[in-house]
Amino acid sequence: MQASHKRQISSGGEYSRYFDLSKLQRKDPILKKSGTGVFDTIVEMARIVRKTLPDTEKVAPVLQGATLEATCRNIFDFVYNHIQYTLDKPGVEQLRRPLRAWADRVAGVDCDCYSIFISSILTNLGIDHYFRMTKYKADWQHIYIVVPKEPGKAPKGGNYYTIDCVVDRYDYEVPFSDKHDKKMSALQYLDGVSGIGNVSQPGFGAEFIDFGNASLSGYLGATDSAEGLYFDFLERLKLHLENTLAQLKANPNALPPGSKLKTQIEQVLKVWYQPEERDALIDAMAAEEIATGLSGVDGLGGVWDRIKKGVQKASGFVAKNTTKAVKAVGTGVSNAAKWTGNKASDSWKGVKQAAEWTFEKVVQLNPLSVAMRNGLLLAFKLNLFRMAERLGYGYLTEQQALAKGLHAGEFRKVKEKLNNVHKLWKGLQGDESSLRKNILQGWERGVKKRGNVSGFGSTPAHSSYLGEVVTATAGTAAATPLIVKIVDWLKEVNWAALFQGVKVLTDKPQNTSYEGVSVPNGYELPTSEEAFNAKGGTPGESDNTLLYAGLGVAAVVAIIVLSK
């Protein structure tokens, strides 16, 4: 679809001060993707918006109206009257950042550049919206922006504003035969590692929460088609690798010396949007894992093998209907159907099953996740920074807590913090029973000198309550940011008030205060219980008995995100 005529555009001189073209090097190439599939293009458009948000941050507030409808109309009028439309040359897809679109506005841009420009403005204004890709008869031909009239609602049944500057009328939508929507949200449904501009991205371990949830339309786009779900899967997988890389850069000691994971991720991310090169590289890494027995220096391995299989299986369900890029990695519908146990015709469900299998295995086998789990279990077992000693009270029932004289309101806060820890642990694909057993073992170590608070039936035996191996020769440093976060959670409880009504001294810790507990920069986590004991560790007696390695803790405090 294309505009019916050239339009007379305004000079736009009064708006030039909002676009700093000095930041745009004329030698910078316009992104050209010859032969790239439409779903690859829409993913790349979203990436450009996120990466170049500063391009429209000055003009965005100028276009904001008194109402959502007025804002959408202002944006349409501005873009329609100041940026010419020109159809891209056949076989060439030009995706311009907003500054480049403004620089080229007299020569003109295509519908995808319009959409990037408008999406950038809406994102800077904090307005949820969607890229809408539409099909007319047989082909996907057009893309524009739709804005739900009610935040949080999907654009259906006319409950949205249309901003399509290819047509000559505001809020007009050319009838189509099919559509695919991709959500762009300024305020994601998860907190996490800081994104670009004011866009927040899910943090490590939370990239896959609510995958396939139509009401949320996924993190990176609507998931109402198998093709859309597949590309949302790829983007979430990429984000997990990006988050892993960010943590490894911020915490160089997180994995043992000799680990190849950081270098491998960097190599894969460079070619992520080049499917054939990406998958050939992943194949090679998976083969190396197999050749080394899925172990090597990273301990528990196999993450690249799982990524390889997951992408192949998911792509098989859309191989007949999607782009050549997807077909290049497809294994065939029949093979994928056998793998998931579904009929090939149920492609959406097949993609979802394949993706969920991949997500679970990738997080579980990611060497960084393994190191984090090991470090946390060890920290709880040793009662580092008196975490287990405090969290252990959360395993009491409310009836037991009240019988001991614990303050009801503060006790519920303890239960909430313990629940947060369990959610964090679930995000790491950890075993729930292992977590509980090691917290209770650390709880015992922390309170046994004060008479063993009763209430759990019996206190756990040392060795029998270890559900995972917690003695790691290296890599426990990866858990340091998580420990920082948990300590912060525990500070939100008024511990003095919690124990104020307790009459029996053995039912409360000797020191009820927790205000002075902290994990200073420059402290070193022990690599094992043996190493801790060898240094004369006395868990639970002091807040700062352990030396932690300098890991840039402040930069990576909240790397695990909890589902609400």
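This report describes the chain as a whole, then several of its helix pairings, and lastly some single residues.

## Basis and overall make-up

The structure is a predicted model, in which local features need pLDDT of at least 70 and side-chain atom pairs count only at pLDDT 80 or more, while totals for chains, interfaces and linings use all residues. Residues are numbered from 1 along each chain as its sequence is written, and side-chain values use heavy atoms, with hydrogens and water left out.

The secondary structure of the chain comes to 20 helices and 6 strands, where helices (H or I, at least four residues) and strands (E, at least two) are DSSP runs numbered from the N terminus. Of the 564 residues in the chain, 54% are buried; here buried means under 20% relative accessible area, exposed means over 50%, and partly exposed lies in between, with a 1.4 Å probe and protein chains only. Among contacts between residues at least 6 apart in sequence, 72% join residues at least 24 apart, a contact being heavy atoms within 4.5 Å.

Helix H6 (residues 226-250) packs with helix H7 (residues 261-270) at an angle of about 140°, and their axes are 10 Å apart. Axes are lines fitted to C-alpha atoms, for helices over the stretch in contact, and angles run from 0 to 180 degrees between N-to-C directions. H6 and H7 are therefore oblique to each other, since angles under 35 degrees count as roughly parallel, over 145 as roughly antiparallel, 65 to 115 as roughly perpendicular and the rest as oblique. On the H6 side the contact involves Lys238, Leu241, Glu242, Thr244, Leu245, Leu248 and Lys249, which meet Leu261, Lys262, Ile265, Glu266, Val268 and Leu269 of H7. These contact residues divide into 7 nonpolar, 1 polar and 5 charged, with Ala, Val, Leu, Ile, Met, Phe, Trp, Tyr, Cys and Pro counted as nonpolar, Asp, Glu, Lys and Arg as charged, and the others, Gly among them, as polar.

H7 also packs with helix H8 (residues 275-291), the two axes coming within 8 Å and crossing at roughly 160°, and that makes H7 roughly antiparallel to H8. H7 passes H8 in a left-handed crossing, a term that applies if the near helix is turned anticlockwise from the far one by less than a right angle, whereas clockwise is right-handed. Gln264, Gln267 and Val268 in H7 meet Arg278, Leu281, Ile282, Met285 and Glu288 in H8, and the residues of this contact divide into 4 nonpolar, 2 polar and 2 charged.

## Helices H16 and H18

Helix H16 (residues 408-427) and helix H18 (residues 480-491) have axes 10 Å apart and pack at an angle of about 160°, which makes H16 roughly antiparallel to H18. Their crossing is right-handed. Lys417, Asn420, Val421 and Leu424 in H16 meet Leu482, Ile486, Trp489 and Leu490 in H18, and this contact divides into 6 nonpolar, 1 polar and 1 charged residues.

With 20 residues, H16 reaches 29 Å from its first C-alpha to its last, close to the 28 Å expected at 1.5 Å a residue; the expected span is 1.5 Å times one less than the number of residues. The buried residues of H16 include Lys417, Asn420, Val421 and Leu424. Just after H16, Gln429 takes a positive phi of about 60°.

## Helix H12

The 19 residues of helix H12 (residues 347-365) should span 27 Å, and its end C-alpha atoms are 27 Å apart, which agrees. Among the buried residues of H12 are Val351, Ala354, Ala355, Thr358, Phe359, Val362 and Val363. An α-helix has 3.6 residues a turn, so residues three or four places apart point the same way.

## Residues in loops

Phe204 lies in the loop between strand S6 (178-184) and H6, and counts as buried at 0% relative accessibility. The C-alpha atoms of Phe204 and Ala246 are separated by 9.2 Å, although the two residues are 42 residues apart along the chain.

Asp171, which is not a glycine, has a positive phi of about 60°; it is found in the loop between strand S5 (160-163) and S6, and is partly exposed, with a relative accessible area of 33%. Phe385 likewise has a positive phi, near 50°, and is found in the loop between helix H13 (367-381) and helix H14 (387-391). At 3% relative accessibility, Phe385 counts as buried.
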